[in-house]
Amino acid sequence: MKNKEEPSAHSRRGNPLVQVDLYFPDNVGTETTGSPSRPGDTAATRVEQPALSNSPESLMQHVVADANFEAAWKNVKRNRGAPGPDGITIAEFPDWFRPRWQSIRQQLLDGTYRPDPVRRKTIDKPDGGKRLLGIPNIVDRLIQQAIVQILTPVFDPQFSDSSHGFRPKRSAHGAAKQVRRTVRRGYRFVADFDLSKFFDRVQHDVLMSRVARRVRDKRLLQLIGRYLRAGVMVEGVLQPTDLGTPQGGPLSPILSNILLDDLDKELERRGLPFVRYADDFAVFAKSPRAAERIMRSVGRYVAKKLRLVVNEEKSRVLACTEFEFLGFSFPNSRANINVAVKSILRFKQRVREITGRSRGISMDRRLGELRRYVRGWMGYFGIASQLKLFDKLDQWIRRRIRMCYWKQWKRPKRRREMLIRLGVPRRQAIRHARSRKGHWRMAKTIASNVGLTNKWLQEEGLLSLKTLWAQLAPLRRTA
């Protein structure tokens, strides 16, 4: 059977007899528990980087190494995600990929591999706009992740200490702490920059020239360029991508850091204190006039050297007490890290959606959704020193949950029985069960608070923000 045709890299049918060296552990990618995920803690930051040779001309050999692909698969599977245009899911992918691995590997080494277009996905932005994502096929997601794991030890050591986005052992918490340190040094004004549609407007020649400074493997450079130009499928129609690095694949974050590293180095050369997280960056000054000058000069540099567009409407100079960065605010002269007002409003809106009375779901499911959201939210905002805020939010959430129980019990007889079972005196339980007051009002009555106590709600599975805040004390240590 030596003359059997080897399955192509993009065919969904393969020869099951073909053996491959790449191994996919069955227990990889299962949902894990532990500390909440933090922004910037990407797959590239979690995997142990393989040792590289000193020759940047042979990086593709490291990319296609079996150990590197196995590590990449662990991260892709852990991150899960939706299928790309080919419709292959994470669960289906191993069986699809095994018979094709040697063919794909050889194409990568020969420089003949061609990525498929990405799938367009539009999501809402917090400010009301739309963010355009490009979802690659899982095979391209895997290859991109393998590339990221090789490029990270090549580029990351040269990045600025003031860059915190999508880097190993760095996060938005580090960026917020750096803002606090900078303000405490006397820099009370900030030039807050907004790059207009950054990921959609990156010019490929400008980006690739910066990648080529440290990567001389022509096969790898060619492959990265093909990913940038792979195109996007919009409602079944292929559209070219002559600009931008589509968000949604593992490669986009490190490419954005490579491009914006020139900006970091320029700000360091000028001696300007700044902080950057991906395409969000701010430069600090000791006076409003100095901040205005920075806004003009840095804006010119970004336009001329990086060929990017500064959003004039959203970019502004302001006092640090009015400055919001990555969902945090710094409202006083000590620059204590607080949760920004907009972040609180988004939190309450999401909790309202989860605890909406009209949702026909069980309380167990409702509390499960709330636990996951609250734990993740506190994992990010637990760095804020606002115990009183979290206490107030706890009280508000408990009232929302009591309201849900009151709605679920529905009929007076059921309400009376449940209140009595929870320890409310019979006469009081009857009076409240017959009340015609609204659910929100009844959630604050003596009967509800006596019966549906804080301890009982905790036993039912309700998490306390204050308790989580206390557990996350290490996050608030000054870096």
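**Entry 1, salt bridges.** I counted 15 salt bridges, taking a salt bridge as a side-chain nitrogen of Lys or Arg within 4 Å of a carboxyl oxygen of Asp or Glu. I note that this is a predicted model, in which local features need pLDDT of at least 70 and side-chain atom pairs count only at pLDDT 80 or more, while totals for chains, interfaces and linings use all residues. Residues are numbered from 1 along each chain as its sequence is written, and side-chain values use heavy atoms, with hydrogens and water left out.

I then looked up their exposure, where buried means under 20% relative accessible area, exposed over 50%, and partly exposed in between (1.4 Å probe, protein chains only). Arg-98 is partly exposed at 29%, and Asp-95 is exposed at 60%.

Is Asp-217 buried or exposed? I read a relative accessible area of 1% for Asp-217, which is buried.

For helices I used DSSP runs (H or I, at least four residues), numbered from the N terminus. Arg-269 is exposed at 62%, whereas Glu-266 is buried at 13%. I also noted that Arg-210, Arg-213 and Asp-262 are joined into one network by salt bridges that share partners.

I looked up how helix H3 (residues 66–79) meets helix H6 (residues 138–155): their axes come within 8 Å and cross at roughly 115 degrees. The axes are lines fitted to C-alpha atoms over the stretch in contact, and angles run from 0 to 180 degrees between N-to-C directions.

Which residues of H3 and H6 make the contact? With contact meaning heavy atoms within 4.5 Å, I listed Asn-68, Phe-69, Ala-71, Ala-72, Trp-73, Asn-75 and Val-76 of H3. From H6 I listed Ile-138, Arg-141, Leu-142, Ile-143, Gln-145, Ala-146, Gln-149 and Ile-150. The residues of this contact divide into 10 nonpolar, 4 polar and 1 charged, where Ala, Val, Leu, Ile, Met, Phe, Trp, Tyr, Cys and Pro count as nonpolar, Asp, Glu, Lys and Arg as charged, and the others, Gly among them, as polar.

Key
Helix = DSSP H or I, 4+ residues; strand = E, 2+ residues; numbered from the N terminus.
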